[in-house]
Amino acid sequence: MFKMKFKNKREIGRWGEIKAKKFLEEKGYKIISENFRVKQGEIDLIVTKKKNLVFVEVKTRKTEFFGPPQAAVNFKKQKKIKTIAKIFLMRNRYNNYIKRFDVISIIYGNDKVSIEHFKNTF
Amino acid sequence: MKVKSKGGINMLAVLKSCSLLGIKGFIIRVEVDLNRGLPAFDIVGLPDTAVRESRERVKSAIKNSGYDFPVKRITINLAPANIKKIGPHFDLAIAGGILAAQNIIKVKELDDYLIVGELSLNGDVQKVNGILPMVLTAKKNKFKGVILPEENKLEASLVEGIEIIPVSHISDLIHIFGINKRKSVFNAQNSNKLFSKKVKNYEIDFSEIKGQHEAKRAIEIAVAGSHNLIMVGPPGVGKTMLAKRIPTIMPPLLKEEQLEVSRIQSILGKVNLANGLQTQRPFRTPHHSITAASMIGGGKIPVPGEISLAHKGVLFLDEISEYRRKVLELLRQPLEEKKVTISRSTMTVDFPAEFMLIASSNPCPCGYYGDPRRECHCTINQVRRYRNKISGPLLDRIDLQLEVPSLDVNELTEYKKGEKSKNIRKRVIAAQKIQQFRYKNENFINNSHLSGKNLYKYCKLHKNNKILLKKAIKELGLSARAYDRILRVARTISDLEGKENIRSGHLAEAIQYRRLEGEIH
């Protein structure tokens with residue numbers, strides 16, 4: 001593996017989102033939308049698998065020194081994602097789908113990348 | 001403790017702790033479940049604020065003791081879920097459960113132990129209130145032992161036949177049954193020393209009171225038969241002084257009584273075992289501004305009040321007419337039943353309240369009504385209103401009414417010591433033994449409990465005495481309820497003299513303790 005070098009935090013996040021996208025595609029998810037952005041904010045990934053519609057929040061961190069990445073998806077963030085998900089559903093027809101919120105946490109410290117997928121989290 | 005592991009991810013651990021409702025303890029199962037998911041830490045099972053806050057203490061305590069706090073979805077269930085969980089003493093069990101769910105504590109032995117203790121942020125185990133009732137609960141439920149804070153070990157050792165394992169830091173809990181077994185049972189070999197039969201010397205004594213022989217005699221009778229007493233007299237004659245010395249002539253607390261008294265104090269965290277268990281009878285003097293809740297006990301989660309703290313001792317109400325009427329009326333049920341029942345929407349709790357009520361009062365608002373040497377300047381209506389503050393039904397439960405007159409100048413200046421408390425106590429104990437023997441087949445032990453059928457059974461009067469009593473009632477205008485009380489008091493007086501039958505002298509003395517009837521009410 002190579003040593004990660006990023007200029008800024010946005011780059012870290014962007015890199016993580018690409019990682020997560022590949023990870024989900026390998027698992028058989030179909031990407032519907034990337035960085036679905038509205039006035040209220042954005043959802044990193046919106047994917048489907050069979051009849052599931054999944055809103056995915058990707059969190060990337062270098063170390064667990066300040067806690068694991070998934071711990072940063074706090075109540076405020078969850079509320080935000082739910083609001084944006086509603087807007088997405090108003091604009092697109094996914095009536096027959098089961099909706100779900102997932103979190104993907106990525107840690108890239110110590111020359112190795114670990115990806116964890118938490119399903120149906122909030 | 002049971003640990004289930006599904007592929008090393010989902011883990012469940014169950015430890016046992018204890019919750020108190022009143023003085024009754026309940027076994028609480030602390031179930032800890034670790035799940036994969038967003039990190040969270042929830043406590044369910046009707047926790048109150050102190051229990052819910054234990055999340056932060058447990059988290060810090062585990063981290064600061066060098067263990068990892070699991071980044072998992074942690075759910076704590078306190079079962080049974082219908083009992084409200086109160087107090088910070090679940091900390092240790094919750095922390096232990098979290099460590100057990102991670103297999104840091106591995107053994108099954110914890111299943112037989114009750115765990116109580118509050119944690120501080122650095123992992124120290126702090127002392128908790130109510131240890132005595134908790135250990136008693138553990139014993140009743142056949143637990144092998146109790147793991148509790150170091151500071152509480154002495155109090156816990158009062159209960160015999162159960163292992164006491166004191167811990168002072170959370171890491172001790174790990175080592176009790178952990179890989180390097182380091183179990184240390186507190187050996188309570190000296191716990192018998194805590195129960196002392198010797199009466200500790202009081203700093204006050206009856207011999208310090210000049211004169212007032214009549215009052216001293218009445219107090220002796222009251223204590224001997226556990227009668228309630230009211231003293232009426234002008235200010236500064238020594239009513240309070242007399243009352244404060246009442247415990248000095250009461251018999252020392254028996255071993256069971258010491259435990260009972262300590263159990264109530266334990267709930268409030270007031271047990272002090274530095275000098276062994278308390279042998280002196282409790283003497284409570286609540287201020288007259290006291291509220292109903294602090295008098296009989298109360299609160300959303302009921303805690304014992306003054307009357308329960310006076311259990312097996314004396315409740316002294318100085319200036320009884322100054323107390324709120326509502327508070328005084330509340331004393332009626334406990335005086336009758338020797339316990340108090342407190343009902344709240346979520347629970348009903350009984351506290352023991354077997355106390356002697358000693359009250360004092362001035363005869364009128366200015367204090368000098370009926371005093372030969374100073375003129376009272378109250379109007380009749382003022383006096384009447386003042387006295388009406390004590391209701392009939394309450395007065396009904398006070399057997400002895402005593403007038404404490406102001407002292408003669410000669411008596412005051414004369415240096416003459418009165419009788420020592422020790423001697424009076426001897427007579428009191430003798431009289432109480434007679435009563436205990438006589439009532440050994442009844443469910444009471446004092447003359448003050450005599451009523452109805454029992455009154456006639458145990459207070460048979462000679463024909464001549466009946467005539468005497470009839471005459472007294474007629475001429476002094478005494479009520480029907482006074483009749484019962486005269487008999488009860490006469491019974492005690494004859495017990496003090498060790499006589500089987502009530503004699504006319506005893507009866508006559510008993511009658512004179514009613515002479516305030518009509519005058520005071």
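I began with A:Asn35, which I located in strand S1 of chain A, residues 30-38. In this predicted model I noted that A:Asn35 has a positive phi of about 45°, although it is not a glycine.

Next I turned to the backbone of chain B, where I found a cis peptide bond joining B:Ala79 and B:Pro80, with omega at about -5°. I placed B:Pro80 in the loop between strand S5 (73-79) and helix H3 (91-101) of chain B.

I then looked up the confidence values before going further. For the complex the predictor gives an ipTM of 0.80 and a pTM of 0.78. For chain B I recorded a mean pLDDT of 84, with 91% of its residues reaching 70 or more. Over residues 1-9 of chain B, however, the pLDDT is below 50, and I noted that this stretch has 23 contacts in the model beyond near neighbours in sequence. I keep in mind that where pLDDT is low, the predicted coordinates should not be read in detail.

My next entry concerns the interface of chain A and chain B. I noted that eleven residues of chain A are in contact with five residues of chain B, and that the two chains bury about 610 Å² between them, 65% of it on carbon and sulfur atoms.

Last, I examined a pair of helices in chain B, H8 (residues 213-225) and H21 (residues 480-496), whose axes come within 9 Å and cross at roughly 95°. From H8(B), I listed B:Arg217, B:Glu220, B:Ile221, B:Ala224 and B:Gly225, which meet B:Val489, B:Thr492, B:Ile493 and B:Leu496 in H21(B). Sorted by class, the contact of H8(B) with H21(B) has five nonpolar, two polar and two charged residues.

How values were computed:
Residues are numbered from 1 along each chain as its sequence is written. Chains are lettered from A and ligands numbered from 1 in the order in which they are written. This is a predicted model: local features need pLDDT of at least 70, side-chain atom pairs count only at pLDDT 80 or more; totals for chains, interfaces and linings use all residues. Side-chain values use heavy atoms; hydrogens and water are left out. Axes are lines fitted to C-alpha atoms, for helices over the stretch in contact, and angles run from 0 to 180 degrees between N-to-C directions. Helices (H or I, at least four residues) and strands (E, at least two) are DSSP runs, numbered from the N terminus. Contact means heavy atoms within 4.5 Å. Ala, Val, Leu, Ile, Met, Phe, Trp, Tyr, Cys and Pro count as nonpolar, Asp, Glu, Lys and Arg as charged, and the others, Gly among them, as polar. pLDDT is the predictor's confidence in each residue, from 0 to 100. Buried area is the accessible area (1.4 Å probe) that two parts lose on being put together, summed over both.
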